[in-house]
Amino acid sequence: MIEWSYAINQWKPSFDDFTRRRDHERALRVISISGFTGVELTTGTGRWEPLGNPEQLAANFGSVRGFADFVRDAALDRVSSWFYDPLLGFREDLSAPADPADPDAHASVRAHATWFASALADLGGQVLVVRPTASAWQRPQLDDGAIGTIAKCWNDVGRAIAPLGVRLALHFDFLSALRPDDGLERLIAATDTETVGFSVDTGEFVAAGLDPVAFIDRHPHRVAHVQLKNAAAVDDRDEYTRRNAEHHVRKGGGARPVPRWFLELGVAPGLVDAEAVVRALVAHEYDGWVTVESDLSPHPPTSAMLNGWYLQHVLQSIVEEAR
Amino acid sequence: MKWSYMDHWRSASPNGPIDQWQTLDSMDRFLKQVAAVGYDAIDTFDHRYFQIMDQYGSVSNYQEFVQERGLERIVNTFHAAVYDPRTYAPHVPETHANILEDFRVTMDRWSGISLDNIIVMPATLYYDMEPVTDDKIKTTAELWNKVGAITLDAGVKLTCHHEFFCGIQSKHELDVFYANTDPALVNLFVDTAQHCIATVDPVDFYEQYADRVTGFHFKDTRHQDLVGDYRRRPDAELMATTTPKWFHEMGDEGGLVDFEAFMRAVVRNGYEGWLSVEHDKANKLGGDHAESTAIARWYAKNVLDRIVAEEGSK
Amino acid sequence: MTAGWSYALNQWRQSPTSFVRLEEHERAFKTVSAAGFRAVELWAGTGRWSNLGRPEHLRLNYGSAAGFLDRLAECGIDAVSSLTWDPSAPAAEEGFELRSTSRPADHGAILRAAETYLELLSELGCERIVVRATEPAGRLGSGFDAAAVASVLDRLGAAAQDHGVRVAVDIDCLSPPLGRRHRAAARAHRQRPRRPVAQHRGSRRGGRRPGLGRPRPRGPHRARPSQGRPLPGRGRGLPASGCGSRPPAGERGP
């Protein structure tokens, strides 16, 4: 069965936004009334990231379970998933950024992943979505040895969190070091089919020139999570290799520039065929969360509401027809 | 209980804030957002007629556009007249012919669809009616009895919405007005925030006139007018001394309206009809119409629906 | 006259309900001043939410035209440079008449409506009224009477001159194209003796305005002298968030 959640990351465009309880409450209520039943969190660190990690949840809501109550009070069922990027360090334990391509960082990645997965289990969540490695400009070449090191890291994490009832989903994005030389497919081949799944982020796939439907058809049993969002452009100039591409390309739009890489579902001139994605998931009997995302939205409530309309009036009927 | 959303909207555009009537695309996005959060219909202003004719060709075409996005229909229209004691003022008998003709024209323009109510502010701005006397209110009531006959002939109820800054807004003024209007022709549309601002308890007021009520604006406020803002020249609504933002969405923090008590009264009185949500000027002080519209609907679904169930089971 | 730089306030009026409160005006005036401009351009409007665009509301909010000038001065603005006015825009205060400069029958109403503004501009010491020549081409149609337009603009110029104000005609991107026939008609009208009418093509183009006197001085911006001020008998400026006509307090108890 497909369950629908919404990513909260769009509500926090910069470090000093979205810190107050009222902001969180209103965002969760907008998600709920727009037709979603879960929320996906994003990791963060420090006192201005109240939803960023288990310690901050406890500091702001009494405990992780206190936050679960807060989510339910907003008429959402649960936290569906948590997005974790190991290349961000944590002030809470003074930990440095940890790169899965570096064997010395594996212990830190595993410890932090377990920290989040444990909290996620308390929140009723089921998927830890992770960024598997650095951006391409940071690691321009991932040879088979490096892919093997990254795979080992995530195989270990997958085994560590499986007993918690939490699945691991490696999330590919259009700036990823996995983009050149078929890195994504090589990582799929190198990871454990039982404990390491993948997250299909439709907007990121299309921006990277990949076909998300073909990926689902090719690896249906490795799809552990879906982030559904529209894309407005393809990075067909290899701008992802530019230094600090996160700033210059993703947020700055690159040389063209692209005003918004990502759009709401079903909106012209979007390039993602969301209906085809859902049909593919249904055809392969996908059982899990689809998180609708609108990161970098200029207007988060509107994005959530327009995506909610598309969910209710277009996508849900595809799921229901298949029943 | 079915919910309708009243027209007010602003969104960002490359040319600054726009309302939903700017383009077909901005209307499409507005209607989808309203439908997404569970409203069943919309209300509008009848002065939108000109934009409707320009962009959609007819009122019924526009309603089809609304329906294609998952909303049932247009329920009510608000007749936002520009009052002027020289030409168009309910307490000035010499202007009544103009007003009556305006309603004949308006009802003809909207005859292509079926409306429940046409909503009016039944008096001019307070300062244009001062001193407000019982005689002026009776003159005003005579006019609306005649207008009510015109609208009813077109199958639409005339209903009165008392802004806190209009000439009939205190409890005494309201009582005089309703004592002198025909219940078959002139109805009441309770705006919870407007009465609250005017220091008239909306629950008590509704209970007193429940049999004349044909609709509501569920809307909140954090302030009552205790300093005479209602008669402020040139404007009370945006330029008040008390606050730059009178209106807040239902379900926001700090509101003065007791919506749970109000909804219990609505159920207790057996009201059968549409409930409208309004939060005009929600974008003031950094507010956002889309978010407010979602928050109000969340409150209706998650708090008021429970009240309806509880009260209905008694 | 001395050429100077002014900033149009219309950009702050993003919707009918915006830029209504006096504290919003104050912030705009200070922003304009801080950006190096010493004068502002007003624009005509309608209704009680257009309180810089209607003379009666401006006077009500600031006590008088002089009170408004005081407020501007407190914010670092020396003068009102100009006011833009579209005679074809319906105004509630004038019965929502749909007037056209191309229709001689409307000219009387246009001149009467202009008088309200000219009186204010005179009080403000403002020397320019920028008048939109016609309604947009889409409303006007192709067969409009250019001679009639020229005629009413001339009469407006004469009326303005009586108030010490000059008319600058505004042509914008929606204005009708003037074909050979229109130009000929207007030329024929212009054969008659007349008072001068300047042409204004919009300050945003940054070019010299034809007919507006000598060229701008080069080099650093110069503040325009506060011509026309002070006016005799005007009162003190109002407090920052004050209003010209505060209602009596305490009439409605809780």
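1. A nonpolar core is a set of buried Ala, Val, Leu, Ile, Met, Phe, Trp, Tyr and Cys residues joined through C-beta atoms within 7 Å. A residue is buried if 20 or more other C-beta atoms lie within 10 Å of its own, with C-beta atoms placed from the backbone. In the largest core here, which has 195 residues, the members touching the most others are Ile31(A), Val39(A), Trp82(A), Ala113(A), Leu120(A), Leu128(A) and Val34(B). Helix H11 (residues 289-312) of chain B gives this core the most, with eight residues. A second, separate core has 51 residues, including Leu72(C) and Val165(C).

2. This is a predicted model, in which local features need pLDDT of at least 70 and side-chain atom pairs count only at pLDDT 80 or more, while totals for chains, interfaces and linings use all residues. Residues are numbered from 1 along each chain as its sequence is written, and chains are lettered from A and ligands numbered from 1 in the order in which they are written.

3. Leaving aside residues up to four places away in sequence, Val39(A) touches Ser5(A), Tyr6(A), Ile8(A), Leu28(A), Ile31(A), Val71(A), Leu76(A), Val79(A) and Ser80(A). Contact means that C-beta atoms, placed from the backbone, lie within 7 Å.

4. Next, the A-B interface. Chain A brings 19 residues into contact with 20 residues of chain B. On the chain A side, helix H1 (21-33) and helix H11 (300-322) each supply at least two residues. H11(A) gives the most, with eight. Helices (H or I, at least four residues) and strands (E, at least two) are DSSP runs, numbered from the N terminus.

5. Chain B has 11 helices and 10 strands. Eight of the strands close into a barrel, in the order S1-S2-S3-S4-S5-S6-S7-S10, with parallel pairing. Two strands pair if DSSP finds at least two bridges between them.

6. One pair in detail: S4 (residues 117-120) and S5 (residues 157-160) of chain B run parallel and are joined by four bridges. Val120(B) has Cys160(B) in S5(B) as its bridge partner.

7. Chain B's overall dimensions follow. The C-alpha trace spans about 50 × 45 × 40 Å along its principal axes.

8. Buried residues make up 52% of the 314 in chain B. Of the chain B contacts with a separation of 6 or more, 81% join residues 24 or more positions apart.

How values were computed. Contact = placed C-beta atoms within 7 Å. Buried ≥ 20, exposed ≤ 12 C-beta atoms within 10 Å, placed from the backbone.
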